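Please keep the model open alongside the text.

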Amino acid sequence: VDPDFSRFGPGHAALAFELEHALETGVRELDLRAGDFPHKQRWANATIRTRSLSLTPPGRQGDVLRQARRVATIELCGAIAEELRAGRLPADALLASLRSDPDLTAHAAAAARSGQPVGPALARDAGQAGAAGLRLVAACWTVAEQHGGALATALHRVAGALRAQELAERRVALELAAPQATARLLAALPVLGLLIGTASGA
């Protein structure tokens, strides 16, 4: 998608032809898919609210998945920033940075490929468990799209903030691990004593 042609409205023209074909063939409803974008509001006469549900495995497996997404978000910020500094356009930079975890930003990637606003799509991707950091990315992206600004610098700072938060949470988890283990041991001592007493005939 070449942004230099956006002023000619090729997307609106394509949608107009699609609507014309739908009317000629008797289609009564045309789904413009998810995303409350201005170009859709111009053509739509009704809105259907949808919800996204993110399911995560329970226990340790879910914890590992959430941590992996947090790390992938940090890596994505750094990768996009590097692509932008190399001269790529924002949408191209996003698509070039999806090699490690393409599922993390599936909605954003679809928006980038179709020339739609990426910010709202990133906010939708942030609904996944462990991907809350994408809300910051979405905010930076939306500001850059609407008002301009150094997106690479903003994403670099987001990556730094998310990395610091991840390290702090890991440090807290390590510090709490020993007291939790001690508490479990103390809770098990009475039961262990009864078992030993029973085995010894006391």
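Leucine 15 sits in helix α1, which spans residues 10-24. The model is predicted. Leucine 15 counts as buried because its relative accessibility is 11%, and the cut-off for buried is under 20%. Setting aside residues up to four places away in sequence, leucine 15 touches Leu30, Leu32 and Trp43.

## Overall layout

The protein chain has 8 helices and 0 strands. Its pattern along the sequence is therefore simple to write, α-α-α-α-α-α-α-α. The chain holds 202 residues, and 25% of them are buried. Take the contacts with a separation of 6 or more: residues 24 or more positions apart account for 50% of these.

| Pair | Apart in sequence | C-alpha to C-alpha distance |
|---|---|---|
| Threonine 47 and aspartate 31 | 16 residues | 9.9 Å |
| Arginine 66 and alanine 132 | 66 residues | 9.8 Å |

Threonine 47 belongs to the loop between α2 (38-41) and α3. Threonine 47 is exposed because its relative accessible area is 61%, and exposed means over 50%. Arginine 66 is part of helix α3. Its relative accessible area is 26%, so arginine 66 is partly exposed.

## The largest nonpolar core

Which residues touch the most other members of the largest nonpolar core? They are Ile80, Leu94, Leu122, Leu134, Val137 and Trp141, out of 30 residues in that core. Six helices each supply at least two residues: α3 (59-85), α4 (90-96), α5 (106-114), α6 (118-125), α7 (134-147) and α8 (151-200). The largest share comes from α3, with 7 residues. In soluble globular proteins, nonpolar side chains tend to be buried together.

Valine 137 shows some of the links. Beyond residues up to four places away in sequence, valine 137 touches Cys77, Leu122, Leu155 and Val158.

Cysteine 77 counts as buried because its relative accessibility is 2%. A search of the whole structure finds 0 disulfides. Cysteine 77 is in no disulfide, and its nearest cysteine sulfur is that of cysteine 140, 7.9 Å away. Cysteine 140 is likewise in no disulfide, with the sulfur of cysteine 77 as its nearest cysteine sulfur. The reason is the cut-off, because a disulfide needs sulfur atoms within 2.5 Å.

## Helices α6 and α7

How do α6 and α7 run, roughly parallel or roughly antiparallel? Their axes come within 8 Å and cross at roughly 175°. That angle makes α6 roughly antiparallel to α7, because angles over 145 degrees count as roughly antiparallel.

On the α6 side of the contact are Val118, Gly119, Pro120, Leu122, Ala123 and Asp125. On the α7 side are Leu134, Val137, Ala138, Trp141, Thr142 and Glu145. By class, this contact has 8 nonpolar, 2 polar and 2 charged residues. Among the residues in the contact, Leu122, Leu134, Val137 and Trp141 are also listed with the core members that touch the most others.

Threonine 105 lies in the loop between α4 and α5. Is threonine 105 buried or exposed? Its relative accessibility is 0%, so threonine 105 counts as buried. Leaving out neighbours within four places in sequence, threonine 105 is in contact with Leu76, Leu94, Leu98, Leu122, Asp125 and Leu134. Among these partners, Leu122 and Asp125 also take part in the contact of α6 with α7.

Glutamate 83 is located in helix α3. Its relative accessibility is 18%, so glutamate 83 counts as buried. The cut-off is under 20%. Neighbours within four places aside, glutamate 83 is in contact with Arg88, Ala93, Ala96, Ser97 and Arg99.

Key:
Residues are numbered from 1 along each chain as its sequence is written. This is a predicted model: local features need pLDDT of at least 70, side-chain atom pairs count only at pLDDT 80 or more; totals for chains, interfaces and linings use all residues. Side-chain values use heavy atoms; hydrogens and water are left out. A nonpolar core is a set of buried Ala, Val, Leu, Ile, Met, Phe, Trp, Tyr and Cys residues joined through side-chain atoms within 4.5 Å. Buried means under 20% relative accessible area, exposed over 50%, partly exposed in between (1.4 Å probe, protein chains only). Helices (H or I, at least four residues) and strands (E, at least two) are DSSP runs, numbered from the N terminus. Contact means heavy atoms within 4.5 Å. Axes are lines fitted to C-alpha atoms, for helices over the stretch in contact, and angles run from 0 to 180 degrees between N-to-C directions. Angles under 35 degrees count as roughly parallel, over 145 as roughly antiparallel, 65 to 115 as roughly perpendicular and the rest as oblique. Ala, Val, Leu, Ile, Met, Phe, Trp, Tyr, Cys and Pro count as nonpolar, Asp, Glu, Lys and Arg as charged, and the others, Gly among them, as polar.
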